Amino acid sequence: MCGIIGYTGDRDTEKVLIEGLKKLEYRGYDSAGIALSGEEEISIYKNEGKVQLLEDRVKEANVAPSFAGIGHTRWATHGKPSQLNSHPHRGKKVVIVHNGIIENYQELKGELAQKGIRPISDTDTEIAALLLDQLYEGDPHAAIFAAIKRLEGSYALGILFTDRPHTIYAVRKDSPLIIGKGQGENFIASDIPAILEYTHDYFLLEEGEMAEITKDNINFYDEKKRPLEKEMLTADWDEQSAMKGGFPHFMVKEINEQPQVVRATLGQYARGGNLFPNQESVFDIKGSIYIVACGSAYHAGLSGKQIIEKMARIPVQVEIASEFRYNNPILRKEDLVVIISQSGETADSLAALRLAKAQGVPTLGIVNVRGSTIAREAATVFYTAAGPEISVATTKAYLCQVALLNLMALKMAEKYISPEELQEKLQQLFSLPTLIKEVLKKESQIKAIAAKFKDAEHLFFIGRGQDYALSCESSLKLKEISYVHSEAYAAGELKHGTISLIEPGTPVVAVMTDRSRIAKTAGNIKEVHARGAIVLCLTHPDVDCSDFADELITLPECSDFIAPIVGAIATQLFAYHIAVARGNDVDKPRNLAKSVTVE
Ligand code: G6P
């Protein structure tokens with residue numbers, strides 16, 4: 001989703017802004033722009049398309065020195081991608097960049113029209129700029145607080161006033177914004193990677209607070225305009241981890257980081273055989289577990305359900321957050337609502353969390369980004385230690401989520417299984433880094449198979465139980481980066497309609513990691529094979545698929561308990577190589593955003 005960067009200091013403002021925007025590209029965008037605040041005026045440069053285009057235009061323009069600036073990558077919501085709709089937007093005395101959605105912009109637009117003020121773009125953001133402009137009579141604090149009283153919806157705003165060229169102002173509601181603190185220079189940003197090159201110190205701007213930033217000072221104010229003292233945080237992500245490190249794409253770099261990040265994630269909550277120390281109350285679940293999430297995090301939940309129900313016999317319902325929040329769900333105080341989110345900012349997941357909290361139900365966040373809204377608002381948080389994930393298509397964060405859910409299942413099953421079984425399963429989990437490396441060694445084989453499937457128009461992933469969960473994630477991974485239409489199907493359900501789509505040459509990926517169901521899945525594969533499907537099997541080395549597999553990827557020796565985690569590496573590489581072979585922008589797939597902060 002949209003990204004914001006702001007800078008004030010002695011460096012070339014335009015360079016810092018453009019570098020920052022490049023680091024925010026991964027969030028997904030369709031246009032980019034900057035505003036530079038100089039002695040005389042605020043100049044704006046913006047265009048539809050890539051940040052690179054903006055950079056070229058700014059270089060050609062030979063811009064005048066500036067004291068402060070704000071920049072933005074836009075992911076269109078109101079109005080198509082175009083130069084006019086790109087941010088920054090301006091009034092006579094004010095320029096803003098905005099992340100989020102102003103829900104009452106039509107009403108505000110009507111009010112402005114009555115005063116003869118009309119926007120030139122289709123955006124909700126320009127309405128916010130014009131409103132602020134109306135309210136500004138020389139006192140930025142008064143104008144900003146008056147404006148946010150009128151704004152409904154979500155926003156992170158970076159603001160410049162023409163008569164205050166040295167100062168950036170920032171406010172936010174339901175959309176993240178951090179304030180970076182440097183030496184003689186300061187920043188605003190939607191996300192930590194944008195400022196890591198310059199500083200690791202930052203403040204989290206909270207709802208309803210305003211920040212006033214000059215190169216030497218950062219002042220915070222609450223809603224009553226009273227000065228605030230805030231705690232400074234230090235990011236433990238190094239800059240290197242937010243760079244490609246020799247890999248052609250972030251996605252494949254992140255796939256290769258999985259041995260380390262899974263170990264780090266598990267290590268936090270399993271020390272010396274002691275699982276989740278001091279967190280006993282979270283696992284005292286008398287009712288059901290609701291796992292609520294979006295996208296891949298939802299698929300991690302599907303995988304978690306399989307393992308938790310199997311091992312701990314606690315009922316688990318997995319819900320799509322955008323549905324759950326409007327379903328008037330029947331929650332009870334003895335239930336546990338688990339929100340899974342890499343970013344910790346996904347609007348629908350956050351709304352689901354707030355809904356559960358409002359009903360007095362215990363909540364748990366499984367989150368990757370420390371300090372994110374879901375991490376702060378959930379009653380308890382377990383962190384995945386995936387580090388910064390830049391590729392829009394998640395790999396390492398998903399894998400850490402599933403690994404953590406497996407560890408949680410073990411904790412929940414602790415009282416039912418023998419200490420020996422517990423130890424054995426723990427060892428299996430901790431063998432994941434080695435097993436993942438084994439699959440990574442198969443990359444050239446997987447790439448060769450991907451080359452054979454790259455021109456497919458449709459592709460099916462089928463599996464049962466935990467393999468259906470992995471099929472869902474594998475299918476999503478493929479379609480989001482390769483743009484090949486793909487569907488995941490519960491293998492036994494295929495014959496109730498969808499099998500009519502199978503014709504000679506239709507590619508089907510059969511996921512078979514759960515030994516207890518392999519015979520059943522094999523039956524379903526034979527049904528599609530008999531109708532001409534080309535079948536790629538992903539399974540254990542001891543499974544005989546010679547009757548129906550046209551292509552085969554074997555997992556390293558591993559138990560069913562962890563096999564879906566090991567198998568995910570293979571389908572990630574499969575999707576990656578198909579997307580590369582098709583010449584796609586793997587890290588920044590069209591129409592997608594990394595952090596979806598609007599509903
Ligand atoms: C976006 C991303 C997906 C992600 C989903 C949920 O759609 O493109 O990869 O799974 O959001 O994001 P979250 O940050 O809540 O895990």
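Guide: The lining of the largest pocket divides into 15 nonpolar, ten polar and seven charged residues. For these classes, Ala, Val, Leu, Ile, Met, Phe, Trp, Tyr, Cys and Pro count as nonpolar, Asp, Glu, Lys and Arg as charged, and the others, Gly among them, as polar.

This is a predicted model, where local features need pLDDT of at least 70, side-chain atom pairs count only at pLDDT 80 or more, and totals for chains, interfaces and linings use all residues. Residues are numbered from 1 along each chain as its sequence is written, and side-chain values use heavy atoms, with hydrogens and water left out.

A pocket here is an open set of points on a 1 Å grid over the protein atoms alone, with protein on both sides within 12 Å along at least five of seven lines. Lining residues have an atom within 4 Å of a point. The volume of the largest pocket is about 570 Å³. A volume is the space filled by probe spheres set on the points, which are joined across faces, edges and corners. The lining has 32 residues, and Gly295, Ser296, Ala593, Lys594 and Val596 lie closest to the centre of the pocket. H16 gives the largest share, four residues. Helices (H or I, at least four residues) and strands (E, at least two) are DSSP runs, numbered from the N terminus.

Now the ligand. The space it takes is the largest pocket. To sit there, a molecule needs more than half of its atoms within 2 Å of the grid points. Around the ligand are 13 residues, with Ser296, Ser341, Gln342, Ser343 and Thr346 the closest. A residue is near if one of its heavy atoms lies within 4 Å. This shell has five nonpolar residues, seven polar and one charged. Helix H8 (residues 295-312) supplies the largest share of the shell, three residues.

Next, the polar contacts (pairs of N or O atoms within 3.5 Å). The side chain of Ser341 places an N or O atom 2.6 Å from an oxygen atom of the ligand. For Gln342, a polar backbone atom is 2.7 Å from a ligand oxygen. The side chain of Ser343 has an N or O atom 2.6 Å from an oxygen of the ligand. On its own, the ligand has 390 Å² of accessible area, and the protein covers 89% of that. Such areas come from the Shrake-Rupley method with a 1.4 Å probe.

In a cavity, a 1.4 Å probe fits but cannot get out. The whole structure has five cavities of 30 Å³ or more. The largest cavity has a volume of about 310 Å³. Its lining has 28 residues, and those nearest its centre are Ser190, Asp191, Ser343, Glu345 and Val369. Strand E11 (201-204) and helix H11 (373-377) are the elements that give two or more residues to that lining.

Definitions and conventions: A polar contact is a pair of N or O atoms within 3.5 Å; within protein, one must be able to donate a hydrogen and the other to accept it, and residues adjacent in sequence count only if both atoms are side-chain atoms.
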